[in-house]
Every structure is written in C-alpha cells, then in structure tokens.
Amino acid sequence: MAYVELQDLHRVFGDVVALDGISLSLERGEFVSLLGPSGCGKTTALRLVAGFDRPDRGRIVVDGKDMTRVPPNRRDMGMVFQAYSLFPNMTAERNVQFGLRVRGVTREERARKVAELLELVGLGQAATRYPHQLSGGMQQRVALARALAIEPRMLLLDEPLSALDAKVRVQLREEIRRIQSRLGITTIYVTHDQEEALSVSDRVAVLSHGRIEQIGTPSEIYGSPATPFVAEFIGTMNRLEATVLDGGRGEIDHGGVRLTVDAARGRQTGERVLVLVRPESLELSVSANGAEGENILVGEVLTHTFLGPVTRLKLIGPSADLIADVPTSRVDSLPVGRRVVAHVPSSGARLLSLTEDPVSGEPDRDGR
Amino acid sequence: MTAGTKRRIAPSAAIWLLLGAAYFLIPLIATLLFSLRGELTGKCCTLDSYGTILEDPQFVKALRQSFVLSLETIALTLVILVPTVYWVHLKLPRLRPVISFLALIPFVVPPIVLVVGLLDVLRPTPDWFYAKPYGFLVAAYVILAFPYVYFSLDAGFRAIDVHTLTEASQSLGATWRTTLFRVILPNIRAAALAGSFLTLAIVMGEFTIASLAAFDTFPVYIQYINQTKAYPAAAVSLMSFGITWAAMLALLFVGRGRTARTAQIAGTR
C-alpha cells in the first residue's frame with residue numbers, strides 16, 4: 001500500500017466542481033507535483049490533504065490511517081504557503097520554534113533544532129531578524145524550515161515560489177528539492193509553472209477541471225502526453241488533425257499530405273486522430289521546389305522568436321501552421337519569408353484519437 | 001527632495017495653522033488662567049483650585065470609578081469583539097457589511113434615547129447588575145464603544161492575512177486558542193490598543209447616560225463642581241482634558257510604531 005493515498009476526492013463549491021474524483025498515490029519520500037492552470041483544483045486538493053477543508057466524498061489515507069476528518073492541527077503536515085505566512089510578531093528563530101513550542105519540546109532541543117534547520121536553509125545568520133527584515137526568498141526559506149521543524153509526515157507546498165522573482169525562484173526550487181531528497185520527506189508541490197514541476201518532481205500529476213489528466217514522470221508527461229490538454233499545457237506542441245489511411249503501415253492523411261507516423265500503426269482505417277509533434281522534433285530545411293522527400297510539410301517562415309540557444313520559427317503552410325525550434329546558429333539560413341520544408345519524424349510524433357478527449361473539445365487548428 | 005533640503009511651510013499654510021491652533025488653544029489658555037485664580041480673591045495666580053479638587057474625596061472616588069468602568073468596558077468589549085471580528089474575517093466575510101452597519105447604530109441613536117431604552121429593557125435584571133455602575137453602565141458603555149472598537153479591530157484584521165496566519169499556525173499543531181493568543185492577538189495589538197484608548201476616552205467623558213441613570217462618575221462630578229465652584233470647575237475640566245490627551249498620545253505612539261514597521265516592509269521586499 002502506498003504511503004499516501006487520495007481516494008476519489010470530490011469537492012464542490014456552489015455550482016463549481018473544484019475536484020471531480022481525484023485519486024493519487026504517493027510512495028514514502030516521493031516528490032509529486034500537482035500541475036495545472038488556475039482553477040483546476042490543485043490547491044483545493046492540497047487544502048484537503050492539509051485538513052483546511054473537507055472533501056464532499058472520498059478519503060485521504062496517510063501511512064494506513066484515515067485522515068479525512070482529522071483536524072489540521074493533528075495531521076502533522078508541514079505546509080509552506082503561497083503568501084508570506086511567517087508570524088510578523090516573531091523573529092525567524094521563533095517562527096521556526098513555534099511548532100516545537102506547541103508540542104512542548106524542551107528549550108535546549110528547540111534551540112538545537114532551530115539552529116540546524118536555519119543552517120539547512122542557509123539562514124543561520126538571520127535567526128534574530130523579523131519577517132519584515134527578510135526578503136521574500138528568505139521568508140519562504142524560513143517558512144520551509146518552520147514546516148520541517150515539526151518533522152511532519154508530509155510536506156505540502158502551495159506555490160511557494162510564485163511571489164518571487166525568476167532568479168530566486170530557480171535557486172529556491174533547487175534548494176527545496178535538495179532538502180527534500182536529503183530528508184526523504186514525502187512531498188506534494190502545487191504549481192502552475194510547468195518548468196518548475198518538471199524540474200523538481202519525481203512524478204507530476206496534470207490537473208484540469210478538477211480531474212487528473214495524466215500522472216507520470218516529467219519525461220513521460222513531456223514526451224508522451226496522454227491527452228490533448230496535457231499536450232497543449234506542457235510545452236509547445238504542433239497539433240495536426242489527420243485521418244488514418246493505413247493502420248498497418250502507419251499512414252495518415254493530413255490536409256491532403258500523406259505522412260507516416262509509427263504511432264498510427266494498429267489504428268483503424270478512417271479513424272480521426274490528432275498528431276502531436278514537439279517543435280524541437282521538426283527538422284527544417286530550405287525548400288527548393290516544395291516537394292522534397294517523404295513525411296514533409298511545407299511552409300513559409302512567418303516569425304522568429306529568439307529563445308537563447310534555439311530560435312522558434314512560426315511557419316505558415318497550406319495544411320497547417322507549425323512551430324519549429326532550430327539552433328540559433330542556423331537561423332540565418334531560414335529568414336522570414338523563406339519557403340521551407342519541415343520533416344516530420346515518424347518515430348517522434350504522438351497520436352491521440354479525437355474521440356478520446358472529453359475535456360479539451362475541438363483541437364486547435366492553428367498548428368500550435 | 002534631497003536629504004539636505006529643508007521643507008518650508010508656505011505662508012498661507014502657516015496662517016491657517018496659527019488660526020487652527022488659536023481656535024483650540026485660546027479656550028484652553030482661558031480655562032487655565034481661570035483655574036489659576038484664587039477661590040476667595042478671584043486673582044491670579046494660585047493652585048488653590050487644583051488643591052481643592054485633589055483634596056476632595058469625591059474627586060478620587062469619581063475618577064477611580066470612571067477609570068475602573070473604562071477598564072471593565074475595554075475588557076468586555078475586547079472579549080466580545082476580538083473573537084467575533086476574527087471569526088467574521090476568517091469564516092463569515094459576507095457578514096462584515098452587516099456588522100459595520102450595526103456598528104453605526106450607536107452613532108445614530110442619541111444617548112438619551114439609548115439610556116431610556118436601556119433603563120426599560122434592563123429593568124428585569126437583578127439589582128447587583130441594574131443598580132450598579134459596574135453592571136448597567138458597563139452594558140451601556142459597551143454599546144457606545146462598539147463602533148470605535150469594531151472599526152479599529154476591523155482595520156487591524158484587514159491589515160494582516162488572517163487566513164494564512166491561522167492556517168500556518170494550525171498546520172504547525174496549534175489549537176484555535178493558541179492561534180488566537182499567540183499569533184492573531186499580537187498582530188492586531190495596535191488595533192486593539194487603539195480601540196481601547198478610544199473607549200477609555202469615551203467612558204472618561206460620558207455624562208448623559210451616567211447622569212440619567214444616577215451614577216456618580218467623573219463627568220457627573222465635573223458637572224457638579226461646575227455648578228457649585230467656578231474656579232475648581234475649570235481646574236477639573238483641564239485635568240479631565242489632560243487624561244484624554246494622555247490617552248490620545250498613547251494612541252499616537254502605538255500608531256507610529258506600526259507605521260515604522262510597515263515602511264520597513266516596503267523597503268526590504
């Protein structure tokens with residue numbers, strides 16, 4: 001049995017279905033992110049786990065014990081909030097001590113533990129400072145130390161980095177992961193930032209409309225999105241609507257262009273499918289006469305967007321618009337207005353049946 | 001503005017400032033000069049009137065009574081309102097406009113109407129409550145203090161993130177009681193003190209209810225002296241004014257402490 005189990009959690013606020021049957025299992029020491037857009041139910045799920053709210057239906061089991069009706073102060077779950085949550089009337093040291101004082105831990109033990117934790121989060125020097133004397137990043141580190149001080153069963157992080165600037169965010173998320181790994185504490189991390197979730201998590205659960213769309217490792221989520229929503233939400237994806245021509249050979253028809261896609265093998269002839277191709281999977285070359293080789297789509301370069309090591313090109317074509325990433329060093333040979341061909345790799349594309357997705361509705365026809 | 005530049009007051013502003021100061025200070029100075037006249041001779045300057053007041057056992061009794069009434073009113077108002085306002089902010093934010101409206105009623109209902117109504121409504125209560133200032137008057141004063149304390153506390157609660165602080169405290173194992181006393185109260189201290197000082201000022205100066213309900217409080221004593229002794233009346237009025245000012249200065253001091261902290265937050269984040 002898993003260490004933490006969220007079983008069929010439902011929560012409705014008036015007419016709004018915040019959670020519509022969430023089930024999730026976490027192993028001891030695992031770091032799982034709940035990722036999704038605003039209003040998808042990720043924070044609601046975390047609040048149910050923390051005990052600040054109760055589900056209308058479903059159970060929360062931690063270490064074999066049903067916690068669904070246990071009040072938050074008896075759950076032993078450390079939480080770091082999105083808003084700065086340090087007690088303004090206490091120094092960093094006393095903030096970290098708070099949970100220990102509530103538990104009646106001796107003064108010596110408290111002092112030892114507080115020093116150890118502030119050192120762990122790199123704030124040994126700031127123990128006597130008040131929250132208003134700390135930067136946002138420092139406050140969140142103290143909040144993390146405070147949450148860890150009580151040696152919780154689980155660590156719950158509710159978008160703890162969203163109020164910080166980009167550089168501090170990257171730095172702190174790595175620190176959170178380092179500390180989590182070192183302490184081996186089971187962690188649920190809520191975020192709407194896909195990069196954050198993919199970079200620190202053992203597994204990611206992508207939520208939409210109160211449901212889990214997909215659970216998997218970051219590479220599974222990125223490389224093999226299970227639904228059009230996940231494909232759309234995680235990174236950038238070219239979406240090509242097509243019809244299966246020959247399921248045996250993996251041939252599909254996309255706007256009159258015949259493509260061979262491994263993922264189409266075994267599909268029924270005539271089935272409507274959505275072909276998903278990452279921008280970095282498309283190989284671009286300059287078109288001579290518009291009919292070079294197989295598995296190609298033609299288009300004209302519309303825009304360049306500089307992204308550092310790669311440049312993102314938007315192509316406008318007769319069958320679909322495409323997004324392609326090319327090394328920045330090559331971009332001079334693909335100027336705006338140039339007619340190019342995009343080679344669609346037969347093995348790098350994902351395929352979804354257009355009848356499978358009840359959430360996303362009609363696929364985007366602009367090729368994104 | 002550079003650090004070395006001195007801020008100048010415009011001449012027109014200075015004139016208005018002086019006029020305003022004169023409006024407030026001239027009556028005070030006149031009262032002070034009047035209070036320094038000899039009770040028998042009517043000539044300046046002697047502290048006889050102050051001596052007369054300070055030696056009067058009724059003065060100490062009335063002052064102590066009003067002071068104790070103030071403390072009791074403050075304590076009762078805070079005990080009722082702090083948990084109420086906390087709960088409203090935390091769980092029932094939709095009730096805030098309703099309570100704000102209720103809090104305005106003591107401003108609208110004249111004290112004479114209030115006291116007549118209270119005398120009637122509280123008539124069935126036991127004598128130890130109805131016939132004693134620490135019962136009846138405090139009940140009336142809690143109503144009078146309600147808007148001042150409520151709006152102070154409301155502002156204090158709005159200045160902190162009640163939800164997050166409460167949830168952070170609970171996630172660390174604290175009970176509601178611990179959360180209220182160790183986390184919430186220290187962070188609304190300035191607001192609670194502000195409401196308390198306003199209550200002190202109100203109770204120390206309230207005359208209508210105490211007089212109509214026939215209790216000898218400090219304002220009633222001032223009125224009595226005013227009717228019987230001219231110069232000591234001026235002295236006791238000034239002393240009353242001093243007590244009110246002391247409360248106001250304490251309020252100002254508390255408010256300044258909070259402003260300084262807020263400014264620092266803005267600078268460090």
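**View 1. Where chain B meets chain A in the predicted model.** In this contact, 20 residues of chain B touch 24 residues of chain A. Three helices of chain B each supply at least two residues to the side that touches chain A: H8 (162-171), H9 (176-187) and H13 (230-268). H8(B) gives the largest share, six residues. By class, this side of chain B holds seven nonpolar, nine polar and four charged residues.

**View 2. The crossing of helices H2 and H3 in chain A.** H2(A) spans residues 92-102, and H3(A) spans residues 107-120. Their axes come within 10 Å and cross at roughly 125°. H2(A) is therefore oblique to H3(A). The crossing is right-handed. On H2(A), the contact residues are Ala92(A), Glu93(A), Val96(A), Gln97(A), Leu100(A) and Arg101(A). H3(A) answers with Arg110(A), Lys113(A), Val114(A), Leu117(A) and Leu118(A). Six of the residues in this contact are nonpolar, one is polar and four are charged.

**View 3. The hairpin of strands E9 and E10 in chain A.** E9(A) covers residues 203-208, and E10(A) covers residues 211-216. The two strands pair in the antiparallel sense, over five bridges. Val206(A) has Gln214(A) of E10(A) as its bridge partner. Two residues lie between the strands. In the turn, His209(A) has a positive phi of about 50°.

Methods
Residues numbered from 1 in each chain as written. Chains lettered and ligands numbered in written order. Predicted model: local features only at pLDDT ≥ 70, side-chain atom pairs only at ≥ 80, totals over all residues. Axes fitted to C-alpha atoms, helices over the stretch in contact; angles between N-to-C directions. Helix = DSSP H or I, 4+ residues; strand = E, 2+ residues; numbered from the N terminus. Parallel < 35°, antiparallel > 145°, perpendicular 65-115°, else oblique. Left-handed = near helix turned anticlockwise from the far one by under 90°. Contact = placed C-beta atoms within 7 Å. Nonpolar A, V, L, I, M, F, W, Y, C, P; charged D, E, K, R; others polar. Pairing = 2+ DSSP bridges.
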